Amino acid sequence: MTSTRDEPLLSVQGLRTHFALNAGLLKAVDGVTFDLRAGQTLGIVGESGSGKTVLSRSIMRLNLGNNVETSGKALFDGKDLLSLPMNQMTNIWGQEIAMVFQDPMTSLNPVVKIGRQVSEHVRKHLSLSRREARELAVQLLKSVRIPEAEVAYSSFPHELSGGMRQRVSIAIALACGPQLLFADEPTTALDVTVQHQILNLLGLQQSERDMAMVLVTHDLGVVAGRTDEIIVMYAGKIVEQASTHQIFQNTSHPYTEALLRSIPKTDQPSHTRLAAIAGRPPNLITMPSGCSFSPRCPYAQERCFEEEPPLTVTKEGHATACWYQVGTEANRAAWDKNLAAGRPATLAVAEGQVIDEVPIDIGAGGA
Amino acid sequence: MAGSGKAHLRDPGDVLMRAEDLVIEFPISRGRVVNAVSGVSLDVKQGETLGLVGESGCGKSTTAKSLIQLPPPTSGTVSYQGTELTSLDDEALRNARTDLQMIFQDPISSLNPRRKIGDVVAEPLRVWGPRNDAEQTELVDAMLEAVGIDPALARDKRPHEFSGGQCQRISIARALVLNPQVIICDEPVSALDVSVQAQILNMLEDLKSQYGLTLVFIAHDLAVVKNISDRVAVMYLGKLCEVSESNDLYATPAHPYTELLLGSSPVPDPTSAVDITMVEEGDVPSPIDPPSGCRFRTRCAYATERCAQEEPMMREVSQDHFVACHHPLVSVAETAEVSA
């Protein structure tokens, strides 16, 4: 590795991934820029359709098909992953950057024994003998806390539980000691107790190996205690980016605020009315003009429907794309104005109503 | 933990639905059986929401489905408004089931992709409701409106034209159209995004008060269950661990398994420290050959000899708070009537 502690390990610049569909151009990822340093953990949070999975797959060059257009840069160790020939990419996969996928049943091969799936990788990249590879594979299975690793080595994926299968995928991902690990919703298919174990395991392995990690999830609870920095995505763009502490304590984008409010929490009494977000995420082909969150935003003003807010960064490195950031005077004024005008999205948050469809043509401040 | 007993059941006269000693076994090869549910007793009062929570494979869905005899339990009884459902013949059961409806986890696969929304929601009426087409349409429209779907726009569309959240609203409309008493919600929000999840949870609360519904709500997310439930039952490997009024359960969990679940549940607060060194090897034991005594003992930090030999029974630890554990986490001094 040539990069030092100060240089980012991964630097993504203006990444765009568009899919050309019959219905039009789907802008799944639309201009994403971020840096990740060695040994750090980055959380990418967003609802389904926000582009978080496409983003990580674009960096890994896993978006195949003739209708995909990817532009921008993803510099890893001085190389631009997006323009690297595929045969060089295969040397990066597994050895330098690895990935853990959401569903361990579909990411493992159902007709190949666990042992071969773990050691295949090691034999190819580290050119070990069959015996050495077997020993290493069993070691790896032990390191991800699989009980009776020898037995698991000669089992098929269907013989293991979901949590154990996900441990196997992690063992495979860690096999060649990558610098960077993408974990794409690694625990979404799992029970809370198993999720807790898997996340702890990832964190433990990460600190042992001094590996950087990108943790993609829809659950703000998952990233809360486990990441250094968080990116919140909405409709293919970054709407807020800051240190984990800042995101939670000093939330500045209305979408992040709304997400945090809409989660039921165990320290609230039963039957607490949840602050639901009105409407639903926009169609990525026919995006609203201006800010993409404006139709659902309780603070939206005329400007929000017309002009797209840029991502502005404060001194502390807290980036937000919003004209009326949460916690500012302008934000409070916008809220009062919308409330007085009876704008549906504002009322929905104020009174906890359920509003499914917010008309897109809602233009001038409600009414 | 994970014990039997009926101490937590209330007076049969006060409850709408009562299940006693439910046992559900599924035969597999070589004469073995999967012990999906082993002696679970539950009751629900009129207008109450009962939350059922536990890991996958603990039998929470199987228990809830057996309440509407889908399938009937291997043994045990289910009474609804004083009628014993397990002894009804097919026709009488079909009649009784109009009062008991269900909402499923995956909203998209629970709607027939080839049928129009209007027909999907009208289907129960075609079987049970008024024969008159105009009346049916009126009822369907009213239901769709009640769940926040514009009937004029939706009636002639098919499920693929709707998002997951909207499909779940449509399934709820279908469940409500026969004006049922009890709705069994089998993880209705697990497949939805958090913002949509909040909309559906709020809506279920509204519909519940509007139509006087009684809910049995299954989920694996503890915060979701707490939000919607009046009373929560925690299940593990086919047995009940703890039953309590929901605020009390979360404030003072008495069962080690409840404590484990609460400790594992992710908290959206970066200041709550996560101890990443806690990586246990344990896995849920197989329901084909469950552990003796307390079924949770293999994963329990407090397990002793006694837990392997003797199955704990449900007992009251405080007002309306019951636990099946030999070593509950709350002071046992309160449980005056219990002799060791």
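How many residues of domain 1 of chain A are in contact with domain 2 of chain A, and with how many residues there? In this predicted model, 6 residues of domain 1 of chain A touch 10 residues of domain 2 of chain A. On the domain 1 side, the contacting residues comprise 3 nonpolar, 2 polar and 1 charged. The C-alpha centres of the two domains of chain A are separated by 34 Å. Domain 1 of chain A is made of two segments, 39–67 and 95–234, whereas domain 2 of chain A spans 250–351.

The mean pLDDT of chain A is 87, and 94% of its residues score at least 70. In residues 358–367 of chain A the pLDDT falls below 50, although this stretch has 22 contacts in the model beyond near neighbours in sequence.

In chain B, helices α3 and α6 pack with their axes coming within 7 Å and crossing at roughly 30°. Because angles under 35 degrees count as roughly parallel, α3(B) and α6(B) are roughly parallel to each other. The crossing of α3(B) past α6(B) is right-handed. The residues that form this contact are listed by helix.

| Helix | Residue range | Contact residues |
|---|---|---|
| α3(B) | residues 117–128 | I117(B), V120(B), V121(B), P124(B) |
| α6(B) | residues 164–176 | I170(B), A173(B), R174(B) |

By class, the contact of α3(B) with α6(B) involves 6 nonpolar residues, no polar residues and 1 charged residue.

Notes:
Residues numbered from 1 in each chain as written. Chains lettered and ligands numbered in written order. Predicted model: local features only at pLDDT ≥ 70, side-chain atom pairs only at ≥ 80, totals over all residues. pLDDT = per-residue confidence, 0-100. Contact = placed C-beta atoms within 7 Å. Domains from an automatic or database assignment. Nonpolar A, V, L, I, M, F, W, Y, C, P; charged D, E, K, R; others polar. Axes fitted to C-alpha atoms, helices over the stretch in contact; angles between N-to-C directions. Helix = DSSP H or I, 4+ residues; strand = E, 2+ residues; numbered from the N terminus. Parallel < 35°, antiparallel > 145°, perpendicular 65-115°, else oblique. Left-handed = near helix turned anticlockwise from the far one by under 90°.
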